[in-house]
Amino acid sequence: MHVITVSENGYVTMTNLENFRVQTRGGRGLMSMKTSDRNGAVAAVAITNKDSVGVFITTTLGMSISIPLSQLKISGRNTQGCKAITLAEKDYVQAVNVY
């Protein structure tokens, strides 16, 4: 299983679920993507299962793209991600679905 993290500017990371430790009461959370001015804030996070084949990204202006999971590189938690979709000016990622 993997964690898919997508930023508002269209960058995506795929990380093994085993890289995330269990948090207890008082835990401060874990970083799943390094954010910056380049990739923006985290827009969506989704978890894949053994039957998942791709990720579908939709933007606020109605653009959408379907990316097979086989095309995404598995990376660590402390990365900025790679560009998944080129956005128009004032367009941001709105929704992410794993299928």
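Mentor: A residue is called buried under 20% relative accessible area, exposed over 50%, and partly exposed in between, with a 1.4 Å probe and protein chains only as cover. The model is a predicted one, in which local features need pLDDT of at least 70 and side-chain atom pairs count only at pLDDT 80 or more, while totals for chains, interfaces and linings use all residues. Numbering runs from 1 along each chain as its sequence is written, and side-chain values use heavy atoms, without hydrogens or water.

I shall take strand E2 and its surroundings. Strand E2 spans 11–16 (strands are DSSP runs of at least two residues, numbered from the N terminus). Five bridges link E1 and E2 in the antiparallel sense (strands pair if DSSP finds at least two bridges between them). Within this pairing, Thr-5 lies opposite Thr-13 of E2. The hairpin of E1 and E2 has 3 residues between the strands, and Gly-10 there adopts a positive phi near 90°.

E2 also pairs with E6, again antiparallel, over 2 bridges; here Tyr-11 faces Lys-83 in E6.

E2 is mostly covered, since 5 of its 6 residues are buried. The largest nonpolar core comprises 13 residues, and Ile-4, Val-6, Val-55, Ile-57, Leu-72 and Val-96 have the most contacts inside it (such a core joins buried Ala, Val, Leu, Ile, Met, Phe, Trp, Tyr and Cys residues through side-chain atoms within 4.5 Å). Strand E2 gives two or more residues to this core, as do E1 (2–7), E4 (54–59) and E7. Leu-72 touches Val-12 and Met-14, and its contacts also include Ile-4, Val-55 and Ile-67, when residues up to four places away in sequence are not counted (contact means heavy atoms within 4.5 Å).

Conventions:
Helix = DSSP H or I, 4+ residues; strand = E, 2+ residues; numbered from the N terminus.
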